[in-house]
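The model is shown first.

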Amino acid sequence: MERSLPANRFNGFTNYGIGIGLRSPHYHHILTRKPVVDWFEIISENFMIDGGRPLHVLDQILEQYRVVQHGVSMYFGSADRIDREHLRRLKELVKRTNTPWVSDHLCWGSVDGRYTHDLLPMPYTFEAAEKTARKICEVRDFLEVPVAVENVSSYAEFHVSEMTEWEFLNEVVERADCGILLDVNNIYVSSQNHSFDPFEYVNSVPAERVAQIHIAGHSKYEKYILDTHDHPVIDPVWKLYDRAIQRAGHTATLLEWDDSIPTFREVHNEALKANRFLAKSVLARAV
Amino acid sequence: MNLLRLQRTMARAVMQPLTPSEHMSKRAQNGEAMSRYAARFIKPNDRLTSFERLEIYNRQYWWRLMSSLAEDFPGLQAILGNRRFESLCKAYLTDRPSRSFTLRNLGRDLESWLRRNPRWAGSKQAIVLDMVRLEWADIEAFDGAAREALRPADVRKSGGSNLRLRLQPYLRLLKFHYPVDALVLEIKRFNDDTEFLSNAFRERKKRKRVTAVAKLKPKTIFLAVHRIDDSVYFRRLEAAEYDLLSAIQKGKTLGQAVSGVFGKPSRNSGADPAQVTGWFRNWSDLGWFCALQRNRRQNARRS
């Protein structure tokens, strides 16, 4: 069976287990009850500020828990140059959290200095792959921590594309020699929106580069699926997760729940369902 | 189509305002039919046309940014009403698209934009500007930097007219023509109180809030927007307090600040030393002073 070690150079040789996103409705519960959680993922941009409550809470969390940074606006795929102020603030936060790796999306979202604040899909071209890879290297060299790029959900495809999404992902990560944050919910959403086999995608990803896995829920509309992070994970996504774990091993896994956020316990219990598959993967490794 | 051209083409459409029924416009900015514009770079599939696929992003852009502004400026929304607030936000975002990686900064230029485009506030320009300044100050006070506060004893010990005090970076001093702080507090109370209420009850409370806005009469107030234990507070100041603090914030020595405020005939003439001492004690109790700086020339003479 093809399987790589989950602790690898793209996640700082860590083996983090199952985490959840740190969200403000849960701050009080976490700080007062101190629940046992393997790790928290933070949205970097929420803490790239000068002071106040967010940083105060973060410092308290850091005293008790392991934290990994996940960004939403680096826009590796934008033709624009990297925003130096963004990088400087991100590095300050990296020093504060000691995150073993940082992740952001394989997408674009700004052009000519104007920001859409969205994760817009890439044209899957060699030109885009080359420019994106160059930017990832620039960010990694500046931050001095491993970088993992996440595949996004998409609702549009471009005429100019020269390859599939997974071929593009492979092209970028090989050129940049970086890690992958494999979002199996995003693979599922895009597979439904663009009619491809999601297992072909998961099977094509270089397993040895998978630093982390995201799971999440989504919303189904009449003609398309939207990546809303406001529902539990559905069975087809768990099946993709199972396959990803078979290939990549017991990889750091994180449940994203960003809207209509239920109680901490509900979110954590949903994340812990991943244990069913992780236990199987450990067993398979043992035999 | 290369990467930059594709991204410019898509961004132009994504950032183009929605129609009143919240759909993508039928015409692109260049006058071309949007269906043709979209078909030039986006593939259709068996369920959605190129137009419909692009429209998903166009709507998400506007919904995301409008809800971000509504979250940051609830007072402005209360003054203008939902429809006028939405029109104003649309015009603002069209004129000044976001130039920051974080949505936190989305309303950064709203005040200056409103000064150049007064028609969006109509007859309520003065109160609208006051509210925008207060709500932006609220954001800045919430996550602004804090330096180590001087203890009251440190401030007393290091007295002297050449002393330069520094105020905390998060502290904002503002002068308003309307008591907009009361309205913001009313809105915050409304939001806290109605979190778990029925729609009917919310509506009744909302009507009361609208009445509160209508009743707001002009009145000059001076305000410090500050932070204690990670929460933002508004503190009303007397005119002389505001002037003194503003002078200190501008880097004046204590002597310069005090003589500037009380030394010439103005609204502040007639300082009561006991009152001024009390103000300094309060400010230092609130942690507003953060680092001492001796007058450089004075230090040079002493060394």
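In which sense do β2(A) and strand β3 of chain A pair, and over how many bridges? The pairing of β2(A) with β3(A) (residues 67-70) is parallel and has four bridges.

## Basis

This is a predicted model, in which local features need pLDDT of at least 70, side-chain atom pairs count only at pLDDT 80 or more, and totals for chains, interfaces and linings use all residues. Residues are numbered from 1 along each chain as its sequence is written, and chains are lettered from A and ligands numbered from 1 in the order in which they are written.

## Strands and crossovers

Helices (H or I, at least four residues) and strands (E, at least two) are DSSP runs, numbered from the N terminus. Two strands pair if DSSP finds at least two bridges between them. Strand β1(A) (residues 18-21) runs parallel to β2(A), joined to it by three bridges; in this pairing Gly21(A) is opposite Glu41(A).

β1(A), helix α1(A) (residues 27-33) and β2(A) form a right-handed β-α-β unit. The path from β2(A) through α2(A) to β3(A) is also a right-handed β-α-β crossover. Right-handed here means that, with the strands pointing away from the viewer, the path from the first strand over the helix to the second runs clockwise.

## Ile43(A)

Ile43(A) belongs to strand β2(A) (residues 39-43) and stands opposite His70(A) in β3(A). Leaving aside residues up to four places away in sequence, Ile43(A) touches His70(A) and Val72(A); contact requires C-beta atoms, placed from the backbone, within 7 Å. Gln69(A) is 26 residues from Ile43(A) in sequence, with 6.2 Å between their C-alpha atoms.

Ile43(A) is partly exposed because it has 17 C-beta neighbours inside 10 Å. A residue is buried with 20 or more other C-beta atoms within 10 Å of its own, exposed with 12 or fewer, and partly exposed in between.

## Helix α6(A)

Of the eleven residues of α6(A) (residues 184-194), nine are buried, so the helix is largely enclosed by the rest of the structure. Among the buried residues are Val184(A), Ile187(A), Tyr188(A) and Asn193(A). Their cover includes α5(A) (165-176), β8(A) (179-183) and α8(A) (235-248).

## Interface with chain B

Chain A has 38 residues in contact with 40 residues of chain B. On the chain A side, α2 (53-64), β5 (108-111), β6 (114-120) and α4 (126-143) each supply at least two residues. β6(A) gives the most, with six residues.

Key: Contact = placed C-beta atoms within 7 Å.
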